[in-house]
Amino acid sequence: METKLVLHSQFPIGEVSPLIFGGFLEHLGRSIYTGVYDPDSAHADGDGLRQDVIDALGELEMTIVRYPGGNFASGYHWRDGVGPKESRPTVRELAWQSIEPNTFGTDEFVKLCRKLDWQPMLAVNLGTGSPEEARDWVEYCNAPIGTRFADERAANGSADPFDVPIWCLGNEMDGPWQLGHVPADQYAIRAQQAAKMMKNCDRSIAAVACGSSGSQMPTFLEWDRQVLEHLGDLADYVSLHRYVGNRTGDSADYLAISNSIDRQIETVDACTRLVAEQRRSSSRAWLCFDEWNVWYRARGGDGGGAFAPALLEERYNLEDALVVAMFLMSFIRHADCVKIANLAQLVNVIGPVMTRGDELFKQTIFHAFRMISSRKTGVSLRGAVVGPRYSSDRYGEVAYLDHAAMLDGDHLHVFAVNRSLDKDMRLVVDLDRSIAKVVDAEMLHAELRDENGFDAPDHVSSAPFNGWVVHGSAEAILPPHSFTATTFALT
Ligand code: AHR
């Protein structure tokens, strides 16, 4: 099978935002407790954070992490999670039916962010919380000392502000499952009030309005339109969420899912442009894809009133890793509108990293994410794919090649998935500039259903790829169901 990827340095889509390489940590299951935070672990550092988890997450080179939820955020009162640990309340958590001891809160999260060089991104409670409580959290995090909540932060050990730059105005407020769910017009009023007070407290922050929690929602786009119209310039971003899976066991179909990810992005983008035009505004809301991943097996979300129950512990295989690569490639191809994206989540809960006692392993999706995030700088290039295509049942027609390409000065990053289930692809990469050599290349390839586990932690892992032949253009044979990430040097 022959495919040509034609690129031109004069056809840029846009600078790729480093913030699309984000993650998400929620008080859910074993994500925080026994995940990132476990003072009883042999790996615990002086702050009770697991050093082995920090080391693994560090390899992902994430830039921004969203916290404390998710659905959890809509019942969370941030003041429960600050101050001396012995006086923090243990509460009944309603979103995931769990026990929340609040021993990990804002200060601990910011400490974790500092260790990993992540920008913190906080989601305020617009379900059971008030706009004023959200404003107070901004003061606690971002104000210089001298007023009530900033002084409380200083008393808790941090005289310097945390400078949290990006704030989500609630979570999935369009969903009937959400604590405090209301119709779009009522959410818009709550979000507008909160954003106004939060920004009056710190004019430098950016706000993310809750968009639709999925394109399957009955209010998809209409919700987004109403909310964006009402918020106007207060909404710097609108959120998108998407969880996918191979529910029918049809891998060819599953691997065509990038069509529908592209479509979701393009329709929400169209909606934000429509609202900006109708408002005669020169500013628009950017897309913040603040929850995305594969998630379809471990769906049960009832913790049965336990502390740190094992919830949403999805195990990933090779085809899931290819789909994770496709999400990121879609964000790169939409660099002109997708400015933030957060892999949901990080540890144990639909996560790239799993722990059991003091053990840890990296899931297949870990490798796909790392292969792209370690090549994160550059301008996304529009590519023309000349090669065979197939029709999928649910997602329409796709080329066997899924790709993204970024020009970074004298370097070119090319990402390529061969979606064929049984055929090699001879791929030729053709740029208007001459490709001189391969700087580095790696490939993720295994049987479609292969996965990693505590007993076989490296069964599916990326390996150096030496198959490129470079002669101005570059060509290689890519095996079926494989993902290749390459950095070329240009002359
Ligand atoms: O990431 C798991 C859950 O999925 C989040 O809490 C919620 O926002 C979404 O429905």
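Biologist: How many aromatic pairs does the structure hold?
Modeller: This predicted model holds 24 aromatic pairs.

Biologist: Why is the pair of F72 and Y76 called tilted?
Modeller: The ring centres of F72 and Y76 are 5.0 Å apart, with the planes at 35°. Planes under 30 degrees apart would count as stacked and those over 60 as edge-to-face, so 35° makes the pair tilted.

Biologist: What makes F465 and W468 an edge-to-face pair?
Modeller: Their centres are 6.2 Å apart, and pairing asks for centres within 6.5 Å. The angle between their planes is 85°, and over 60 degrees counts as edge-to-face.

Biologist: Are these residues buried or exposed?
Modeller: F72 and Y76 are buried, and F465 and W468 are buried too.

Biologist: Which residues form one aromatic cluster?
Modeller: F72 and Y76 belong to it, together with W78, W137, Y140, F149, F162 and W167.

Biologist: Let's turn to the ligand. Which residues are around the ligand?
Modeller: Among them are F24, W96, N171, E172, Y243, E291 and W295. The shell divides into five nonpolar, four polar and three charged residues.

Biologist: How much of the ligand's accessible area does the protein cover?
Modeller: On its own the ligand has 280 Å² of accessible area, and the protein covers 94% of that. The space taken by the ligand is the largest pocket.

Terms used: Residues are numbered from 1 along each chain as its sequence is written. This is a predicted model: local features need pLDDT of at least 70, side-chain atom pairs count only at pLDDT 80 or more; totals for chains, interfaces and linings use all residues. Side-chain values use heavy atoms; hydrogens and water are left out. A residue is near a molecule or strand if one of its heavy atoms lies within 4 Å of it. Accessible areas come from the Shrake-Rupley method with a 1.4 Å probe; for residues, only the protein chains shown count as cover. On a 1 Å grid over the protein atoms alone, a cavity is a set of points where a 1.4 Å probe fits but cannot get out, and a pocket is an open set with protein on both sides within 12 Å along at least five of seven lines; lining residues have an atom within 4 Å of a point. A molecule sits in a cavity or pocket if more than half of its atoms lie within 2 Å of its grid points. Ala, Val, Leu, Ile, Met, Phe, Trp, Tyr, Cys and Pro count as nonpolar, Asp, Glu, Lys and Arg as charged, and the others, Gly among them, as polar. Rings of Phe, Tyr and Trp (its six-membered ring) pair if their centres lie within 6.5 Å; planes under 30 degrees apart count as stacked, over 60 as edge-to-face and the rest as tilted. Buried means under 20% relative accessible area, exposed over 50%, partly exposed in between (1.4 Å probe, protein chains only).
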